[in-house]
Amino acid sequence: GYHHQHTGSAGDSSGVFAKFRAKHSRSLSFNEGTLGSRTVDLRASTIKLDTEDTDLRLCFRILTPLKTYTLQAENGVDRMDWVNKITAVIVSLLNSHIQQQHVEIPRPPSNVTSPNSHGTSEIEQTGYRAEPISSVLRKIPGNDVCAECSAAEPDWASLNLGILLCIECSGVHRNLGVHISKVRSLTLDVKVWEPSIVELFCTLGNAYCNSIWEGSLLKNESVDEPKATSTSVPKPCAKDVISLKEKYIHAKYVDKLLIIKDALQPGDPPNLTNIWQAVKTDNIQEVYRLLAISEINIVNTTFDDVVSIELYHHVVDAQDSSLESQKEEKEQHDPLDCQRIKDSNDPGNCLQGCSLLHLACQGGNCVMLELLLQFGADINMRDFHGRTPLHHCVALGNNSLAKHLLRRGAKSSITDEGGLSALERAMEKGAIKDEELFILLNGS
Ligand SMILES: [Zn+2]
């Protein structure tokens with residue numbers, strides 16, 4: 001059993017929660033016996049151990065958006081047992097909560113409500129079932145067959161390349177390594193197929209992706225040059241031996257032999273300005289194309305790589321190392337001291353040091369975000385003011401994008417140059433009403 005223990009004044013704990021308490025002055029202590037008559041919504045709660053504080057040696061706390069409960073176990077084993085069991089309940093509640101949000105319930109087909117329909121259909125008996133992911137994805141242009149060998153009804157996918165594959169070609173892709181292709185099953189990896197991924201696939205598809213990766217094959221077909229095609233790597237068919245498929249897939253994605261490159265003069269910088277513009281204008285297919293055709297990975301391109309005009313913030317060069325100028329430079333990094341952000345109240349008004357991912361957060365399109373992450377964008381990159389993409393989403397009040405980043409591994413504990421984390425910036429704006437966001441911000 002437990003002994004209830006009153007939590008003291010605001011001075012007895014440290015870290016995030018102390019700030020949370022100080023800023024929101026929520027009621028934190030409770031009277032002896034009140035817990036017995038209370039129902040706590042664990043779905044919106046996190047659990048914390050008080051390991052640092054010797055006074056609270058056998059205690060743990062349940063943090064809810066409205067209240068904190070400090071509980072004391074009789075011994076250490078007992079405490080861990082309770083913490084583990086409550087954590088398991090929170091995780092299972094949260095999982096079911098997220099799954100509920102992601103299930104898309106299709107509209108009832110017209111024949112069910114139609115007066116002409118008689119008897120019971122399967123739909124009426126079993127309720128409305130979501131369409132299987134494989135049939136949704138195979139409707140996308142080109143996705144009725146494997147992107148490599150044209151085998152029918154592909155059951156596998158490359159998440160980052162946005163294509164469907166047969167089982168044999170998926171094995172070849174897996175051997176390329178995850179930096180080139182992330183292979184997942186349409187039927188076995190059910191949790192992978194979140195709405196943003198499905199939408200990314202709908203925007204890409206085998207037909208579009210092959211028009212990039214196999215661009216020279218299409219070009220040769222259209223101008224009818226049989227000699228040119230015979231010199232390039234032949235596209236395999238479903239019945240071909242696996243070694244032919246391996247050779248083709250390697251040439252296509254590792255050596256990029258079939259891509260038509262943009263006509264660049266030698267010595268020209270890569271397509272940095274183009275990809276910045278494509279993200280800015282929300283052109284997902286063009287961003288994909290530029291990422292695919294580039295010799296080097298340009299997914300972590302920043303604003304400073306793109307602009308040719310002088311940057312807003314003067315960066316002190318290494319030679320000018322007087323204390324005065326160092327102090328001056330340090331001060332201008334604090335986002336609160338940035339005149340541009342202050343004047344407009346828009347965090348996107350100063351893009352210095354921002355990456356494509358920061359820019360995508362400004363645009364608010366989670367499918368663009370997904371594409372950049374699939375191509376290895378640094379989710380925790382800090383801009384000139386030390387703000388991560390998560391800081392930007394929080395500043396913009398875009399909770400769904402913030403949650404997307406957190407589920408993908410964004411760290412909420414990273415501080416900006418003003419010394420505050422995304423969690424603290426969120427609390428600065430007021431109470432966090434979104435329960436799931438509260439949990440995710442606390443847990444990373
Ligand atoms: Zn295949």
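Predicted model: local features only at pLDDT ≥ 70, side-chain atom pairs only at ≥ 80, totals over all residues.
## Ground rules

Local features need pLDDT of at least 70 and side-chain atom pairs pLDDT 80 or more, while totals for chains, interfaces and linings use all residues. Numbering starts from 1 along each chain as its sequence is written, and side-chain values use heavy atoms, with hydrogens and water left out.

## The zinc site

Four SG atoms hold the zinc ion, from Cys146, Cys149, Cys166 and Cys169, at 2.2 to 2.3 Å. Donors here are N, O and S atoms within 2.8 Å of the metal (3.2 Å for Na, K and Ca), and sites may look incomplete since water is not among the atoms. The donor angles run from 103 to 115°, so the arrangement is tetrahedral (four donors, all angles between 85 and 135 degrees).

Along the chain the spacing reads C-x2-C-x16-C-x2-C. Cys146 sits in the loop between α5 (133–138) and β5 (156–158), and Cys169 in helix α6 (residues 167–176), 23 residues apart; helices (H or I, at least four residues) and strands (E, at least two) are DSSP runs, numbered from the N terminus. Cys169 counts as buried because its relative accessibility is 0% (the cut-off is under 20% relative accessible area, 1.4 Å probe, protein chains only).

## The sheet

Three strands make an open antiparallel sheet, ordered β6-β5-β7; strands pair if DSSP finds at least two bridges between them. β6 (163–165) and β7 (183–185) are the edges, each with a single partner strand, so one side of each has no neighbour in the sheet. β5 and β6 pair over 3 bridges, and Ala157 has Leu164 in β6 as its bridge partner.

Conventions. Tetrahedral: all angles 85-135°; square planar, octahedral: opposite > 155°, others 65-115°. Buried < 20%, exposed > 50% of the residue type's maximum accessible area, 1.4 Å probe, protein only.
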